[in-house]
Every structure is written in C-alpha cells, then in structure tokens.
Amino acid sequence: MVHSIYDQVLKDSNVAMPPQVNVPAYDDANGLHMAAVEHLFVGTRNATQLAEEGGPLMLVGSDGIYVDDIEGKRYIDGIGGMYFRNTGHGRNEVAEAIYNQLKDVSMHVYAGSTPSTVRLAAKLAEVTPGDLTKTFFTSGGSESNESALKLAQGYHNRVGERGRYKVISRKGSYHGATWGTMWLGSHPFLPREEYQPVPSHVVHIADPNPYRCPFGGETPEECAELCANSLEEAILFHSPESISAFIAETVSQPLGGVVSGPGYFQRVREICDKYGVLLIFDEVITGFGRTGKWFGADTVGVTPDIMTIAKGLTGGYFPMGGAIASKRVSDAFTGGPDATFKHMFTYTGHPAGCAAGLANIEIIEREGLVENCRIQGERLWDRLQEIKDKHPIVGDVRGIGLLQGLELVKDRNTKEHWPASAAIGEKITQGLMDRGVWIRVGSYIVPLAPPLTITAGEVDDLAAAVDGAIGDAERALGV
Ligand SMILES: Cc1ncc(COP(=O)(O)O)c(C=O)c1O
C-alpha cells in the first residue's frame, strides 16, 4: 500500500522505511506458513524448528472432537485446543450468543456492568461449590490468578494482617505466564529461569505425585500425608504471619494430570485454617467438568477460599476467566472507601465473553457433559492401562476424568527418562499426526484431554493412535 505523503515524510527523516510485507490471502496455505515464520511468535515453538517444518499447524475449521488444517487434513483434537474446548468444536449457538450480544450491548462502561455479566456471575455462584459467590472477571487464566493473589493479600490487609504477602505453590503445577504468576509452581516444559529475579512473594513446596513421591512415600496415602505436612513446615519456616495464600491445581496438568493421594487436600485445608492462610484452587483446567465433576474442588471434596477459572468457562470461544471469592473473602471488601477492591482490567466482564460463558454452561448442563466426561474418562483410563501393559516405555498412567497422561521412561525400575537425543516426544508427536491425532508431546509426558463430548468409539480411536505411535517410537528406539 502506498501512502505518498507518509512515504515522503519518512524519506525526509531518519526513520527507517517499513519493509514491503505481503499479507497473504486467507486461503493461501503456503503464504500463510511463510508469513507465520516471518511475522509471528508462535507460543513455545522454536523459530528455527518451525521454519524447518514449514510453519505451524494452520487450522481453518473444527467440528465435534476434530480440527481441520489448511491442507485438508483432519485430526482428533487430543488436548481440547489447550485444555479449554470442553463443549467440543463447532458450537454455533455459542458463536450466535456472542454475535447477538455484540449487536445488542458490545461493551461495558468504566465501573459499570451489563446484564450478561451479572447473569454469568450469578450462574457461577450457582454451579461452584460452597459459598464461592462473588466473581472478578478477567481475560484468561494468568489474569485470574493475578486477581486471586490480589484478593488474598487485600483480604489480609482488610482484616488487620498486613504482613501477609507470600504465596506458597507446588512444583509441578502451572499458574500462568505473567510476571506475577510465572514463578508460581514449576512447569518442566516451560522453564522460566531466565526471567530473574524470582519475586519475593514466591515459595515452593513439593509436588504430591505418587509416582515420584519426593519424600519416598510408598503409597499414595503416605505420599499425600508427607507432602501436605511439607506445607505446614513451609508455613512455619517462613512464619505464618508472612503467608497470604497457598495456591494449587486440584489435578496438576504439567505432568499429565497428577492426582494427589487420598486425604491430601483435606489436610491442606486443615493446615491453611490453622495458620490463617487462604486456600486458592486454580481450576483453570479442572473447572467445568474436566475431572468428571463440575469442579476439581468437588473431585477432591474440599472448598477453597478463592477459585480461579478460565478456559472451559467459555470453552475457549472467547478469552475469559475469573477469580471467585468465598463470602468470607468478599465480605472483607465491603464497608467504607478503604474496603474497595482496587483492581481492574479494561475488559473485565466483557459482555460477549459472558454471553459465551452462559451459552457454554447451558450446553454442559443440557448435554450432561460432566457425566459423559466421567464415563468416557473411565473408558480412556482402561485403554491407557492396556497400553501400559503392552509397552515397556510407559512408566505410569495418571489422571482423572478427561485429564489424563502417560509418563514415558527408559527403565521402569529406575524410572529414568529418555535422553533428549532420543527425541521421544517428537517421535510420538509425529506418530500421532500420522494417525490423525493432534497432541504435542513434550518430552516424557503424553497428555490427553479431548473435548468432553467424546464418544466411546472416539475414545477407542484416540487410544488406538496413542498405542500405534508409542509402538513406532519403541521400534525406532530398539525397545
Ligand atoms: C492451571 C493453569 N492455570 C493458569 C493458566 C494460565 O492461563 P492463561 O494461559 O489463560 O493465562 C493455565 C494455562 O494453561 C493453566 O493451565
């Protein structure tokens, strides 16, 4: 495009002329791949490797549990987009709800609200457990956790406990990518060591993973008890008066759906109550049916003081999340001007997102997707156990509902992982693609989180592809 006056001004100045850029046509597969390599940071992908592969998977359509790429190839979506597509692909009624909302009221004004925003907040108070009744809306999971941390510290400040600012999290959990959240937990495939310094509010404790119990616990129960006790030790070590909150995923995604042993969260709840520490459940993935109950809190039988949500709230049809406070927490923010929750995002409670959330939750309820998740999750579990029985490189099967994973090992006795040179993740990713399944396998975890709409036959198709891809990898590695 030529802007003659602009071009002349640029020529006369020291400002560099912008390069000639070709914006590819919507259906120009080759042009789009090249432009992606040139102009787009594709999250977590290595730019050189992406260029060698000729660009990222370019989606142009999706339906049910399937996604279609621009070359006309169809894949089973094995991880529900990115753990968000709980209601399945191609939901026109969610798209229509967004469209109708935008035609009607497309924004809220500063410090105001809209009917859809209020209705979704009330709906969330209805479907979440206990007295989690007041929501602060965000545009995604990281913002939800940021908001939860501010709610927690703000709560303590308002009840006269000003020194409480530290947050305890667990290794092996993920809570976001922003400056305030990225150091919480730890994600083996998303290291953040280069982003220093570690913020002073962050404290880490052990991951209650029964397969690799950090304290050598030999049963899930023993591991649960030892790991929960390490929370108490951390609180005492740092001084209870300095601790604001403990944040945890009820089932941790980074390692393929780590389910802590029985009693873990009950003991955690007791410890938090004993020392006045707020309990935050990050339900960004586990919410909205993913674990076979409405929320992970229902699965572990414990209600947090604050719950964070995103992904499955709108099924990923609109970027939206929230931090939901219990009555005890939200009550601290009522009273005189000092009580106000001084926190906002421009798009908090966007009515289009709220309309999407309401339509999405209605689908979950109408189609019984929470129950379907439980049933198909059990079927997937059985199929994955069969795969483990057959393949020596599968060390562990873990998870619940439709949040499951396989851990790959070189040696089942020592639980040693394959070296990077074995490229086992790449091999299995490719084997899955060849069989029409889209899951990126990060090194030694094969994650599985298909849409909750999946049928029994589709579970079997997905499992058959995993079986075949692991078999290919074993042959290539001479197992
Ligand atoms: C458990 C959990 N919490 C928080 C986040 C961050 O959410 P977002 O990427 O929407 O900021 C994620 C993202 O994957 C997540 O899995």
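A salt bridge is a side-chain nitrogen of Lys or Arg within 4 Å of a carboxyl oxygen of Asp or Glu. The exercises below apply this and other terms to a predicted model, in which local features need pLDDT of at least 70 and side-chain atom pairs count only at pLDDT 80 or more, while totals for chains, interfaces and linings use all residues. Residues are numbered from 1 along each chain as its sequence is written, and side-chain values use heavy atoms, with hydrogens and water left out.

**Exercise 1. Salt bridges**

Task: State how many salt bridges the structure holds, and describe the pair Arg-74 and Asp-68.

Solution. 
Step 1. The structure holds 27 salt bridges. Side chains of opposite charge can pair when their charged atoms come close.
Step 2. One of the salt bridges joins the side chains of Arg-74 and Asp-68, with 2.7 Å from N to O.
Step 3. The surroundings are described by relative accessible area: buried means under 20%, exposed over 50%, and partly exposed in between (1.4 Å probe, protein chains only). Arg-74 has a value of 39% and is therefore partly exposed. Asp-68 has 19% and so counts as buried.

**Exercise 2. A salt bridge within a helix, and a network**

Task: Determine where Glu-378 and Arg-374 lie, and name the residues that are linked in a network of salt bridges.

Solution. 
Step 1. Helices (H or I, at least four residues) and strands (E, at least two) are DSSP runs, numbered from the N terminus. Both Glu-378 and Arg-374 belong to helix H13; they are four residues apart, about one turn of the helix.
Step 2. The closest N and O atoms in the salt bridge of Glu-378 with Arg-374 are 3.1 Å apart.
Step 3. Glu-378 is partly exposed because its relative accessible area is 44%; Arg-374, at 32%, is likewise partly exposed.
Step 4. The network links Arg-91, Glu-93, Glu-362, Arg-366 and Glu-367. Within this group, the side chains of Glu-367 and Arg-366 meet at 3.7 Å, N to O. Glu-367 is partly exposed at 36%, and Arg-366 is partly exposed at 45%.

**Exercise 3. The interface of two domains**

Solution. 
Step 1. Domain bounds come from an automatic or database domain assignment. The assignment gives domain 1 as 59-87 + 368-476 and domain 2 as 92-366.
Step 2. Contact means heavy atoms within 4.5 Å. The contact takes 33 residues from domain 1 and 34 residues from domain 2.
Step 3. The size of an interface is often given as the accessible area lost when the parts come together. Buried area is the accessible area (1.4 Å probe) that two parts lose on being put together, summed over both.
Step 4. Tyr-83, Val-370 and Leu-403 supply 22% of the area that domain 1 buries against domain 2, more than any other three residues.
Step 5. The rule finds one salt bridge across the interface. The side chains of Glu-407 and Arg-212 meet in a salt bridge at 2.7 Å, N to O.

**Exercise 4. Backbone features**

Task: Locate two residues that have a positive phi although they are not glycine, and find the cis peptide bond.

Solution. 
Step 1. Tyr-83 has a phi of about 65°. Its place is in helix H4 (residues 80-83), and at 7% relative accessibility Tyr-83 counts as buried.
Step 2. Ser-443 has a phi of about 60°. This residue is found in the loop between strand E15 (437-438) and strand E16 (445-448); at 35% relative accessibility, Ser-443 counts as partly exposed.
Step 3. The cis peptide bond joins Gln-196 and Pro-197, with omega about 0°. Pro-197 is placed in the loop between strand E5 (166-170) and strand E6 (202-205).

**Exercise 5. The surroundings of one residue**

Task: Is Gln-101 buried or exposed, and which residues is Gln-101 in contact with, leaving aside its neighbours within four places in sequence?

Solution. 
Step 1. Gln-101 lies in helix H5 (residues 92-104). At 10% relative accessibility, Gln-101 counts as buried.
Step 2. With neighbours within four places in sequence left aside, the contacts of Gln-101 are Ser-106, Ser-116, Pro-351, Ala-352 and Ala-355.
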